[in-house]
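Here's a quick tour of one model, taken a piece at a time. Have the viewer open while you read.

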Amino acid sequence: MRVGVITFPGTLDDRDAARAVNLSGAQAVSLWHAEADLKAVDAVILPGGFSYGDYLRCGAISRFAPVMELVIEAAGKGMPVLGICNGFQVLCESHLLPGALTRNSDLHFLCRDVEIEITNNETVWTTSFTQGEKITIPLKNGEGSFQCDDETLAQLEDQGRVIARYVGNNPNGSRNLIAGITNERGNVVGLMPHPEHAINELTGPSAQGLGFFTSILQAMVK
Amino acid sequence: MAIIVVDVMLKPEILDPQGNAVAAALPRLGFTFAKSVRQGKRFEIEVEGDPTPAQLAEVEKAAERLLSNPVIETYCVRVEN
């Protein structure tokens, strides 16, 4: 089972994401943004960071990288794709996911551990969790406020496509406390907080983030 | 030489925390005129000669595809001589 981890110029969390993939039992494969080659991976992770310096809008320039054209095509055919933080922003800019991530409501860059509730454990990235399970993982971003129009919001809610919500206070002004969403098919997931930074208790607030990576392994083995 | 200007603004229903922060700062400096403030982006695109309708149509396309995110933003293209 090969999981690609894309590196754009300015990506920060590719190493942690690769480490999480390897720890879950799959094999991480590095993918460079400028290469139009997915190296026969079974799934792709778009990690966090500040690709292209967040110039123009977060993810706006990365979305047109050669490797993204292949990711968009493969995602359309059902390949599992997980976008974390900046990766989530890239997925929204690519229109693989609806909505957009905008400046945190209090304008501060936030870096703290947050509790989120898994509200859909049926996507290929969330099957290791129980429905309603609460996990604590880091949140670190300046533009993490999930925004969309009322119609899209109603659609996301009605179709159970909100996969994770912040518990307690809203950290960034996201509509309906949304921390993560999925597409209609359930193969593309975007998540603002960072599960790859919570894979063991020595370096993270918990090891609960690992669930996202074991989920994809289970889904592919099935 | 002409400049094609593209103004990009957040849609009215999208929260603009930067605009709100500016609106809150103004009265602290004694400026009391603002009911609200919205902050946007302005692109100045230099072209040779007077822009042709075809060029302007291309800029419109670029504004839709790259310069703005139609999910949360609107844009406006105009020419400044």
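Let's start with helix α3 (residues 86–93) of chain A, which is mostly covered, with eight of its eight residues buried. Buried here takes 20 or more other C-beta atoms within 10 Å of a residue's own, with C-beta atoms placed from the backbone. Helices are DSSP runs of H or I with at least four residues, strands are E runs of at least two, and both are numbered from the N terminus.

Among the buried residues of α3(A) are Phe88(A), Val90(A) and Leu91(A). What do they pack against? The buried residues of α3(A) pack against β3 (43–46), β4 (81–84), β5 (100–102) and β11 (188–191) of chain A; contact needs C-beta atoms, placed from the backbone, within 7 Å. After α3(A) comes His95(A), with a positive phi near 65°.

## Ground rules

This is a predicted model, where local features need pLDDT of at least 70 and side-chain atom pairs count only at pLDDT 80 or more, while totals for chains, interfaces and linings use all residues. Residues are numbered from 1 along each chain as its sequence is written, and chains are lettered from A and ligands numbered from 1 in the order in which they are written.

## Strand β10 and its partners

Strand β10 (residues 178–182) of chain A is mostly covered too: five of its five residues are buried. Strands pair if DSSP finds at least two bridges between them. β9 (residues 162–166) of chain A runs antiparallel to β10(A), joined by three bridges, and Arg165(A) has Ile178(A) as its bridge partner.

β10(A) and β11(A) are also antiparallel with three bridges, Thr182(A) partnering Val189(A). The two form a hairpin with five residues between them, and Gly186(A) in the turn has a positive phi of about 85°.

Methods:
Buried ≥ 20, exposed ≤ 12 C-beta atoms within 10 Å, placed from the backbone. Contact = placed C-beta atoms within 7 Å.
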